[in-house]
Number of protein chains: 2
Amino acid sequence: MKSRRDRSDLKAFFEPGSVAVFGSLKEGMGLGYGMVRNLLQFGYSGKIYPISPSCSGEVLGFRAYPAVTDVAEPIEAAIVITPPRTVPGIIEQCARKGVKAAVIVSENFAEAGGDGVKYQQQLVDIVHRTGIRIIGPNTIGVFNPASGFVTNPYLIIQDKIRKGGIAYCSQTGYVGLAARPWEERNVPISKLCDIGNKCDVDESDVLNYLADDPQTKVVAMHIENAKDGRSFMEAARRVVVRKPLLILKAGRSEAGAEAMVSHTASLAGNEQVYDAAIKQVGALRLSSWEEYWEIPRVFDSQPLPKGNRIAIITGAGGLGVVVVDVAVESGLTIAKFSPATKKRLRKLSPRLGSNPIDLGPVLTVKEDPFSVQREIIEAVLEDDNVDCIAVSVYTGFDALIAPIARMFDSLKNNKSKPMAIWIYGMKLRVLDEMLRQLEERGLPTYLDFELAVKALGMSAAYSGVHK
Amino acid sequence: MKSRRDRSDLKAFFEPGSVAVFGSLKEGMGLGYGMVRNLLQFGYSGKIYPISPSCSGEVLGFRAYPAVTDVAEPIEAAIVITPPRTVPGIIEQCARKGVKAAVIVSENFAEAGGDGVKYQQQLVDIVHRTGIRIIGPNTIGVFNPASGFVTNPYLIIQDKIRKGGIAYCSQTGYVGLAARPWEERNVPISKLCDIGNKCDVDESDVLNYLADDPQTKVVAMHIENAKDGRSFMEAARRVVVRKPLLILKAGRSEAGAEAMVSHTASLAGNEQVYDAAIKQVGALRLSSWEEYWEIPRVFDSQPLPKGNRIAIITGAGGLGVVVVDVAVESGLTIAKFSPATKKRLRKLSPRLGSNPIDLGPVLTVKEDPFSVQREIIEAVLEDDNVDCIAVSVYTGFDALIAPIARMFDSLKNNKSKPMAIWIYGMKLRVLDEMLRQLEERGLPTYLDFELAVKALGMSAAYSGVHK
């Protein structure tokens with residue numbers, strides 16, 4: 001068995017120079033065909049070798065081969081979506097050909113019981129015998145926006161996915177590109193990875209790889225179990241000293257643990273042990289699926305706060321009270337503004353000066369609401385008693401999008417303290433466009449004020465652990 | 001002081017036959033003008049009397065009067081957005097004119113301190129002396145889609161808000177029509193009400209009114225404090241014996257309680273006392289702002305479950321494990337399917353039979369995925385061991401919308417057990433349209449699987465308390 005550090009060299013999975021594709025090459029509907037199509041769609045520039053015993057000629061401009069051993073050039077990676085019984089043979093051939101990394105997308109292995117268990121064991125044996133590495137089976141595999149390498153065989157109606165700093169490592173195909181509006185939400189991605197049944201590469205390998213990955217600024221991990229507790233803790237620690245690690249542990253309940261078995265044949269660990277381990281290594285534990293997707297954005301673009309004192313700027317007073325609760329429950333304290341800030345705010349309106357700042361009564365009486373909002377945000381950014389800022393911005397109609405974007409562009413010192421933005425209004429299209437534009441500017445923007453505040457709480461928690 | 005039952009006759013606030021509008025009648029920008037415009041926009045068919053000392057002639061086709069006492073006909077309600085110092089005089093005149101109900105939208109009363117406190121006390125005195133009723137001040141007021149009566153003075157770019165069974169009673173203007181995409185989300189509304197500073201009408205009055213309101217099937221209440229604990233508990237109990245009451249209590253933390261004072265001049269109560277009281281009356285406590293907006297939908301259209309056994313149908317296995325945790329944490333148990341159901345499911349695929357049902361491996365191999373999904377949902381609906389069902393449906397692209405809608409239309413017995421639907425995919429517009437169409441069919445549809453499951457948990461909790 002290789003050492004953990006060698007094991008974590010997953011470069012061939014994320015940026016291979018060449019790839020063999022195993023699966024039906026039938027035009028349009030074939031899943032191997034889909035893989036080739038998706039590689040082209042995302043601009044993968046390596047060499048592609050479609051492999052199928054039943055196909056000759058070309059597939060989307062690439063010469064197809066009956067077997068991988070018929071290819072003269074060396075091949076670095078393989079992606080496989082063929083019936084389970086055929087997979088061990090394919091992997092054996094790949095190993096013989098010198099392929100380093102294989103992503104097995106096919107389902108019906110250990111998670112299905114029966115023969116699937118046997119086929120998966122054969123894969124494990126091949127790994128041990130030959131040194132080929134496997135992600136999967138039963139996975140949607142990986143996506144790397146930088147190299148355009150993608151292993152998803154299904155129709156993906158998005159291709160301009162933003163390159164950024166968030167790595168999602170998950171134990172579900174839902175992390176694949178067809179399940180979420182990555183493009184329209186402008187999510188800044190470094191790597192996506194579904195570890196599937198983990199017959200070889202597991203969560204610890206991926207963590208070690210992401211710890212060293214220069215593109216990745218924050219790691220979000222969804223796991224059902226850790227295959228090897230000690231390795232997992234070591235890998236998690238390696239991540240945490242370099243960048244934040246957010247963990248969503250599924251299978252907390254007894255019933256959830258049972259459900260895991262039929263999903264990825266994972267066995268449950270003790271819930272308290274996970275909790276203690278996550279805390280001990282300095283990772284942050286997420287409490288919901290939504291947090292898993294929404295919280296990492298604040299780490300991609302924003303600086304870490306120097307402390308846990310939050311300023312809350314809200315356009316709806318009642319929401320101020322609601323999110324103060326959330327802030328406190330997230331470990332933040334409500335900043336006390338300095339006398340200078342209070343004076344500055346009171347000059348804008350006698351109603352201002354306390355925290356949360358309720359914009360409502362101010363905006364309804366001012367000629368230029370955006371210049372007032374900007375002055376308020378700047379006053380708070382410059383207050384030494386404030387470490388992070390949650391800002392709510394009413395975005396009710398189209399005509400507000402441009403001035404709001406301009407307001408954030410004109411902010412002084414807006415990179416000195418982390419900020420999270422909540423936008424609200426009555427038109428989905430307007431909100432979607434505003435969110436996209438603010439994300440484009442590196443401003444983490446939320447459609448839920450509580451999530452924005454929780455994200456800042458997580459940011460302060462990481463900052464506190466890693467001072 | 002009137003008795004609580006008399007006090008809760010709020011008919012004049014929600015369906016007045018005539019209304020006087022106080023506020024700037026300046027065309028376009030005037031807030032009184034905005035109120036008249038909005039009344040017309042939502043189809044209010046009562047008489048409208050714009051009142052302004054500085055205006056004569058017509059406003060949007062209605063004759064304007066310098067004072068309410070100049071109107072010859074009787075007037076039932078008033079809506080007021082004028083400077084605070086002018087409001088007590090206006091309300092005094094309204095009372096003299098016989099107006100029964102006044103909504104005071106103006107801000108800067110008790111919540112602002114200073115003279116505002118004095119003006120608010122003058123309002124209280126007028127109420128006691130004359131019997132006129134007031135909602136507010138510092139409120140966005142009410143909206144009743146059935147009568148078209150709306151008190152919001154601001155621009156509202158939506159008017160086809162669906163009549164339905166959800167009443168939202170809140171202590172924030174965010175409940176107003178300009179802050180959320182009510183129309184595009186197709187939310188079924190019976191009444192909206194912001195109780196503001198509660199100088200007269202308070203949460204107990206509104207609860208008593210909604211308990212008797214035939215349009216309201218479920219009450220969602222956001223409160224910072226209860227003005228009178230005993231009345232609140234009595235009113236809550238009156239609601240709960242008739243329909244579910246969901247409560248979001250803000251100001252849980254000490255800092256949150258402080259923030260309340262500057263928001264609506266509310267004083268904090270003891271947190272444990274609220275918790276015990278909510279439980280004792282059989283109301284359901286919500287834990288987030290998002291739950292407040294999302295959970296009530298399941299009560300509007302779905303039957304109550306007979307027990308707490310949930311079936312989970314998921315297209316992403318990993319999500320099955322995630323929501324099993326949420327189900328258990330929401331008080332649900334994971335249903336054990338009957339032998340007959342297991343047999344039925346296994347006939348569809350050998351991989352089926354356990355709960356959660358993972359559609360993934362089934363759909364990828366079937367010719368007509370929707371007929372399989374339909375059969376699975378029907379099998380589960382007909383299983384006596386199942387009380388409620390969470391269904392996930394992949395809605396990745398336009399072409400799926402119509403077959404998914406047809407699939408739900410063709411379900412047998414789909415009104416026998418509560419169902420909540422999670423849709424997911426990669427295009428916001430497709431998801432928005434699918435959600436709208438399913439909501440149109442009375443199927444509560446979510447963009448977050450955890451919320452769908454929590455909603456069913458709340459439904460079972462209410463059902464359990466009120467058997």
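**Exercise 1: A helix crossing in chain A**

Helices α12(A) and α18(A) cross with a right-handed sense. Keep in mind that this is a predicted model.

Task: Find at what angle helix α12 of chain A and helix α18 of chain A pack, and which residues make the contact.

Solution: 
- Step 1. Locate the two helices: α12 covers residues 317-329 of chain A, and α18 covers residues 449-465 of chain A.
- Step 2. List the contact residues. α12(A) brings A:L319, A:V323, A:V326 and A:A327, while α18(A) brings A:F449, A:E450, A:V453, A:K454 and A:G457.
- Step 3. Sort them by class: 6 are nonpolar, 1 is polar and 2 are charged.

**Exercise 2: Two helices in chain B**

Task: Work out how helix α4 and helix α5 of chain B are oriented to each other: roughly parallel or roughly antiparallel?

Solution: 
- Step 1. Find α4 at residues 87-97 of chain B and α5 at residues 115-130 of chain B.
- Step 2. Their axes come within 9 Å and cross at roughly 10°.
- Step 3. Angles under 35 degrees count as roughly parallel, so α4(B) and α5(B) are roughly parallel to each other.
- Step 4. Now see who touches whom: B:V87, B:P88, B:I91, B:E92 and B:A95 of α4(B) meet B:Y119, B:Q122, B:L123, B:I126 and B:T130 of α5(B).
- Step 5. By class, this contact has 7 nonpolar, 2 polar and 1 charged residues.

**Exercise 3: Where the chains meet**

Task: Which helix gives the largest share of the side of chain B that touches chain A?

Solution: 
- Step 1. Start with the totals: 59 residues of chain B are in contact with 59 residues of chain A.
- Step 2. Consider the elements that give two or more residues, including α9 (254-264), α13 (317-329) and α19 (449-465) of chain B.
- Step 3. The largest share, 10 residues, comes from α13(B).
- Step 4. Finish with the classes on this side of chain B: 25 nonpolar, 20 polar and 14 charged residues.

Notes:
Residues are numbered from 1 along each chain as its sequence is written. Chains are lettered from A and ligands numbered from 1 in the order in which they are written. This is a predicted model: local features need pLDDT of at least 70, side-chain atom pairs count only at pLDDT 80 or more; totals for chains, interfaces and linings use all residues. Axes are lines fitted to C-alpha atoms, for helices over the stretch in contact, and angles run from 0 to 180 degrees between N-to-C directions. Helices (H or I, at least four residues) and strands (E, at least two) are DSSP runs, numbered from the N terminus. Angles under 35 degrees count as roughly parallel, over 145 as roughly antiparallel, 65 to 115 as roughly perpendicular and the rest as oblique. Two residues are in contact if their C-beta atoms, placed from the backbone, lie within 7 Å. Ala, Val, Leu, Ile, Met, Phe, Trp, Tyr, Cys and Pro count as nonpolar, Asp, Glu, Lys and Arg as charged, and the others, Gly among them, as polar. A crossing is left-handed if the near helix is turned anticlockwise from the far one by less than a right angle, and right-handed if clockwise.
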